[in-house]
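User: I am new to this one. Could you walk me through the structure?

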Amino acid sequence: MNMKHLKFYFLSLFALLGLAACDSTKTSDEILKECGSGVVMVTNQFYYKITLPTGKVWYFTGFDADGDLENWKMDLAEIQKNKKMITGTGFFVSEDGKIVTNRHVAAPTITLSDTKKSVRSLLDGMAEMVRAEMESMSEKYDELERSKSDCYTYNEYDGNYYVDNERLQQIEQQQTLLKEAYDGDIQIKDNIRTMDLSELKVEPVCELGIAYNNTYVTKITDFIPCVVTSVSDKENVDLAMIQLKNKLTPEGKHVFAVSDNENQGFLDKLKSLFASSDKDELLTDQKLYMIGFNAGFTLSNTSQGIKAQITSGTISQKPDNDKIMYTIPALPGSSGSPVVNEQGKLAAVNFAGVTGTQSFNYGILIKRVKQFINND
């Protein structure tokens, strides 16, 4: 190493030590000011598409309280008027418009077995309706058969029977039509009853958009369209990546550091070498902050535009390999929120609450987030 390179090395080292010294605890206002611009509200207008083994397509938005298909439609235009909408939170992780959020926000799934069960129940209901219609047709047929007697009259004066052939023909034509419809319904009922649902397919149809923190949003068209680029295939890693269609993070938006060491600059690598190995370790009772859109528009919509909330709590349980529990209060809409430490560094991604509480919630550990992103 020549003197020029050695001098640069030591200057970099001193700069590094100075940076490390400045890596101090921040207030909630400082964290919000530094990181808030990188947090976005995510909206997803979605429905589910069912393709039956026959090729027929149905649509629905979920299950109702009885487990039946909610907003069940056969017409595409109708389901598009009845789309379901959920809101969540996301945050920028790159300069090319990539945003991390939860999988259940960006690509909500539905249990195939439950869908098949509901479809079977619906089909059984249809078969029962067809059966009832067949019963009604059978009664009408018998009624027509009985009415044929009215087509015959006996003349007492000449002792002859006379037939109203025109009326009799009309009755027989009606009976023929009823029998054709009845036979057709037999086939329909049998097809419904015996339909094999093993080949049934169900998929979500999503329309994603984002809105920046501290901006005005008055209608759904104000949201900026995004696309899903990847979804975690690990059951215990509830993460998804969405991206702006123009692939460009707006200037001035905070980008949360999630890259691995291969993508770090020289000073960052030096800093990681000299940083304490315990510095980023998450410990019980350690303070954390979450920046997100709790309750979606309900809480975030202000006279100055939509504003994310910053809430704090402490780690309440020693982290396992995938998740961490903390006492940060959260409401629906906070899914996908970044959870940071007192230095403003990403520690987790909020994804679920403990049933029956608002004050105990779970986050996906940063190492799992990095693995997801770096494998994208």
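User: What should I know before we start?

Analyst: This is a predicted model, in which local features need pLDDT of at least 70 and side-chain atom pairs count only at pLDDT 80 or more, while totals for chains, interfaces and linings use all residues. Residues are numbered from 1 along each chain as its sequence is written, and side-chain values use heavy atoms, with hydrogens and water left out.

User: How many helices and strands does the protein chain have?

Analyst: The protein chain has 9 helices and 19 strands.

User: Let us turn to the inside. How many residues are in the largest nonpolar core?

Analyst: The largest nonpolar core has 31 residues, and Val-100, Leu-239, Val-369 and Ile-373 have the most contacts inside it. Such a core is a set of buried Ala, Val, Leu, Ile, Met, Phe, Trp, Tyr and Cys residues joined through side-chain atoms within 4.5 Å.

User: Which elements give two or more residues to this core?

Analyst: They are helix H2 (28-35), strand E1 (39-51), strand E12 (287-292), strand E18 (346-353), strand E19 (361-365) and helix H9 (366-374). H9 gives the most, with 4 residues.

User: Which residues of H9 are buried, then?

Analyst: Ile-366, Arg-368, Val-369, Phe-372 and Ile-373 are buried in H9. Seen down the axis of H9, they fall within an arc of 160 degrees, so they line one face of the helix. The arc is that of the directions from the helix axis to the C-beta atoms.

User: What does that face pack against?

Analyst: The buried residues of H9 pack against strand E6 (98-101), strand E10 (224-231), strand E11 (240-244), E18 and E19. Leaving aside neighbours within four places in sequence, Ile-373 is in contact with Val-93, Val-100, Met-241 and Val-258. Apart from this core lies another, of 24 residues, among them Leu-52, Met-137, Met-195 and Leu-197.

User: New topic: how many salt bridges does the structure hold?

Analyst: The structure holds 14 salt bridges. A salt bridge is a side-chain nitrogen of Lys or Arg within 4 Å of a carboxyl oxygen of Asp or Glu.

User: Where do Arg-120 and Asp-124 lie?

Analyst: Both lie in helix H5 (residues 112-147), 4 residues apart, about one turn of the helix. Arg-193 lies in helix H6 (residues 165-194) and Asp-124 in H5, so the pair ties together parts that are 69 residues apart in sequence.

User: Is Arg-193 buried or partly exposed?

Analyst: Arg-193 counts as partly exposed, because its relative accessibility is 39%.

User: What is Met-126 in contact with?

Analyst: Leaving aside neighbours within four places in sequence, Met-126 is in contact with Trp-58, Trp-72, Met-74 and Ile-192. Met-126 is found in helix H5 and is buried, with a relative accessible area of 18%. Met-126 and Ile-192 are 66 residues apart in sequence and 7.7 Å apart in space, C-alpha to C-alpha.

User: Last one: where is Gln-309 found?

Analyst: Gln-309 is found in strand E15 (residues 309-317), and at 18% relative accessibility it counts as buried. A polar atom of the Gln-309 side chain lies 2.8 Å from the backbone nitrogen of Asn-294. The backbone oxygen of Lys-307 lies 3.4 Å from a polar atom of that side chain. Polar contacts are pairs of N or O atoms within 3.5 Å; within protein, one must be able to donate a hydrogen and the other to accept it, and residues adjacent in sequence count only if both atoms are side-chain atoms.

Terms used:
Buried means under 20% relative accessible area, exposed over 50%, partly exposed in between (1.4 Å probe, protein chains only). Contact means heavy atoms within 4.5 Å.
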